[in-house]
Amino acid sequence: MIMEKFLWAFVVGGAICVIGQILMDVFRLTPAHTTSSLVVAGTILGGLGLYEPLIKFAGAGATVPISSFGNSLVKGAMAEYEMNGIVGVLTGIFEVTSAGISAAIVFAFMASLFFKPKG
Amino acid sequence: MSNKKKKKLTPTQQQYQQYAKQREPKRPVFLNCARAFLVGGLICTLGQGLQWMFISYFGFDEVTAGNPTAAVLIIISVLLTGLGVYDHIAQWAGAGTAIPVTGFANTMASAAIEHRSEGYVLGVGGNMFKISGPVITYGVFFAFVVSLIKIIIKELGGM
């Protein structure tokens, strides 16, 4: 059962990265355009309620790629809306993703204190 | 290059564009995809392993385990970026390292490190989101629009 979860995480996570690679190579998008497109795709899939089943199925294979960032934004906004009404869309949007963004800011800043540019 | 831009060029320039396009090395799309699949899949498997660890040993459940997992992946990615290792992997793996959340942390850390010579406030603080900014901007904007549409449908009695 656990091995199965790992296998699907590998396959689904890899497949999402292949979609990104195709966007970069075939459609000639820059990495920034590619990640933005995937995030937007994540918000739309999240809005349609299709991303949660994928997470249930593939675990980290769906939560680690950047598309889950879009899904989490919608999820946070909708959860706050249920509790506090329309203003919840604004207050809740970063609720689920806060850990990721805060961690990235804090550690990126610490890295800039300790490391010098390479190459 | 878009067609609109192409029309403004002189015939010679158009010829050159075509010539340059012919000479451009063909991208090994299939090989790149295989590498992206392998590395991207491995990063997600590592994430799955961390998640499993947080659930079994630290008392998190399926939903809450996502946060510490993302945080640990981000720390690893920032460290590897600072040591100059992540960029080597990224060169080989392409989208395999750019699409997972580690790629997001990598763009922020590398921008922060690269601009530290311009000072900590305007350099590091101002440029940290230079590459990762679009992801947040478009993510938040579309999340807002999608949520509003969903709410309108809900209020009108659908779903």
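Guide: We may begin with a term: two residues are in contact if their C-beta atoms, placed from the backbone, lie within 7 Å. Leaving aside neighbours within four places in sequence, A108(A) is in contact with V78(B), A105(B), M108(B), A109(B), A112(B) and M128(B).

Visitor: What kind of model is this, and how are residues and chains labelled?
Guide: This is a predicted model, in which local features need pLDDT of at least 70, side-chain atom pairs count only at pLDDT 80 or more, and totals for chains, interfaces and linings use all residues. Residues are numbered from 1 along each chain as its sequence is written, while chains are lettered from A and ligands numbered from 1 in the order in which they are written.

Visitor: Back to A108(A). Which core does A108(A) belong to?
Guide: A108(A) is part of the largest nonpolar core, which has 74 residues. A nonpolar core here is a set of buried Ala, Val, Leu, Ile, Met, Phe, Trp, Tyr and Cys residues joined through C-beta atoms within 7 Å. A residue is buried if 20 or more other C-beta atoms lie within 10 Å of its own, exposed if 12 or fewer, and partly exposed in between, with C-beta atoms placed from the backbone. The residues with the most contacts inside the core are A108(A), I74(B), A105(B), M108(B) and A112(B).

Visitor: Which helix gives the largest share of this core?
Guide: Helix α1 (residues 2–25) of chain A does, with 10 residues. Helices (H or I, at least four residues) and strands (E, at least two) are DSSP runs, numbered from the N terminus.

Visitor: And where does the core lie relative to the domains of chain B?
Guide: Domain 1 (29–128) and domain 2 (132–159) of chain B both give residues to this core, so the core lies between them. These bounds come from an automatic or database domain assignment. The centres of the two domains, taken over C-alpha atoms, are separated by 26 Å.

Visitor: How many residues does each chain bring to the contact?
Guide: Chain B brings 61 residues and chain A brings 59 residues. On the side of chain B that touches chain A, α3(B) gives the most, with 15 residues. That side divides into 39 nonpolar, 18 polar and four charged residues. In this count, Ala, Val, Leu, Ile, Met, Phe, Trp, Tyr, Cys and Pro are nonpolar, Asp, Glu, Lys and Arg are charged, and the others, Gly among them, are polar.

Visitor: Finally, which residues of α5(B) are buried?
Guide: In helix α5 (residues 86–93) of chain B they are Y86(B), A90(B) and A93(B). Seen down the axis of α5(B), these residues fall within an arc of 75°, so they line one face of the helix. The arc is that of the directions from the helix axis to the C-beta atoms. What covers them includes α3, α4, α6 and α7 of chain B.
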